[in-house]
Amino acid sequence: MKLRRALPIAAVIPAILVMSACSGESSESDSKKPKPSASAKSEQSPEEKEAAEAKRLGAFDGKALEKVAITGMTANFDAKKIAKAEVEAGRGMEADKKACQPLASLIGGFTHVPAVSTVHRSLQPGEAANATVGSMWLASHSESNATRVMKELRTAVTECPKGFKTLGLTYGKVENLPAPKLGDEAVGYRITGDIAKQKVPMTYTVVRSGGVIAAFYGVNMLDPKKAAIPDPVITAQLDRIADARG
């Protein structure tokens, strides 16, 4: 099993659907595509719409959030950008139990409440003796929506102790863990997934800083109790968010 994946192991499954969709679109020749109308040309680009929405809500747009996210070696973990196709593979993971949806969405690398913008990083240890690998992502919301994300996530951890299913995969156990006293509020938990007939304990630390949700995912197949991404990595990320917020 390859543990040095950018996103949680389950998130690779939808990638097949993403690639199929892309290949279907590419079969259409340029000559058959409709010419953009004058009104279409005058419409805002997706980036412009995102920037306008971010300004309205007091959130970060994609470009600003990208600058905020840690990159490179940070507290003995190497944070690397993730290809967009790999990120999108985790979008839209639906739990078979509505109460568990916040957990399923975070497994895919997104918040269950749509964010204004989201950026992702893989996290790999800088020391060979460290068996913890994982990923992190920042999701920028209005502060009220970010607070809602945390409230509903906390409820999901409480109401889904026996787990749930998503995309045909089973997550059989959800455990509440002590959360670090970081940011405005934090939630810690462990989910045990049944992946390829193997039990995979996945540890999450989710922190809110204003309207930004910072989620950290870690797995350590040698010692699940050491799977959480260390606090110094989280603190370094939160400091960058705080500096950007001013």
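Visitor: Quick one to start. What does DSSP have to find for two strands to pair?
Guide: Two strands pair if DSSP finds at least two bridges between them. Keep in mind that this model is predicted.

Visitor: Okay. In which sense do E1 and E2 pair, and over how many bridges?
Guide: Antiparallel. E1 and E2 pair over three bridges. Thr 74 has Phe 77 of E2 standing opposite.

Visitor: What do E1 and E2 form together?
Guide: A hairpin. Two residues sit between the strands. Ala 75 is in that turn, and its phi is positive, about 50 degrees.

Visitor: Is Ala 75 buried, partly exposed or exposed?
Guide: Partly exposed, because its relative accessibility is 37%. Buried would need under 20%, and exposed over 50%.

Visitor: Which other residue has a positive phi, near 55 degrees?
Guide: Leu 167, which is likewise a residue other than glycine. Look in the loop between strand E5 (164–166) and strand E6 (169–177). Leu 167 counts as partly exposed because its relative accessible area is 43%.

Visitor: Back to E2. How many bridges join E2 to E3?
Guide: Five, and these two strands run antiparallel. Ala 79 has Leu 123 in E3 as its bridge partner.

Visitor: Zoom out. How many helices and strands does the protein chain have?
Guide: Eight helices and nine strands. The protein chain has 246 residues, and buried ones make up 45% of them.

Visitor: What about the accessible surface of the chain?
Guide: About 13,000 Å². Carbon and sulfur atoms account for 53% of that.

Visitor: And the contacts along the chain? What share joins residues at least 24 apart?
Guide: 63%, counting contacts between residues at least 6 apart in sequence.

Visitor: How do the lining residues divide into nonpolar, polar and charged?
Guide: The lining of the largest pocket has 14 nonpolar, 11 polar and 13 charged residues.

Visitor: One more stop. Where is Arg 190?
Guide: In strand E7, which covers residues 185–195.

Visitor: Buried or exposed?
Guide: Arg 190 is buried, because its relative accessibility is 13%. The cut-off for buried is under 20%.

Visitor: Which residues is Arg 190 in contact with, beyond its neighbours within four places in sequence?
Guide: Lys 173, Val 174, Glu 175 and Leu 177 are among them. So are Pro 201, Met 202 and Thr 203, along with Pro 224 and Lys 225.

Visitor: Tell me about Lys 225. How many residues separate Lys 225 and Arg 190 in sequence?
Guide: They are 35 residues apart in sequence. In space they are 9.6 Å apart, C-alpha to C-alpha. Lys 225 sits in the loop between strand E9 (212–219) and helix H8 (231–245).

Visitor: Is Lys 225 buried or exposed?
Guide: Exposed, because its relative accessibility is 74%. Its contact Arg 190 counts as buried at 13%.

Methods: Residues are numbered from 1 along each chain as its sequence is written. This is a predicted model: local features need pLDDT of at least 70, side-chain atom pairs count only at pLDDT 80 or more; totals for chains, interfaces and linings use all residues. Side-chain values use heavy atoms; hydrogens and water are left out. Helices (H or I, at least four residues) and strands (E, at least two) are DSSP runs, numbered from the N terminus. Buried means under 20% relative accessible area, exposed over 50%, partly exposed in between (1.4 Å probe, protein chains only). Contact means heavy atoms within 4.5 Å. Accessible areas come from the Shrake-Rupley method with a 1.4 Å probe; for residues, only the protein chains shown count as cover. Ala, Val, Leu, Ile, Met, Phe, Trp, Tyr, Cys and Pro count as nonpolar, Asp, Glu, Lys and Arg as charged, and the others, Gly among them, as polar.
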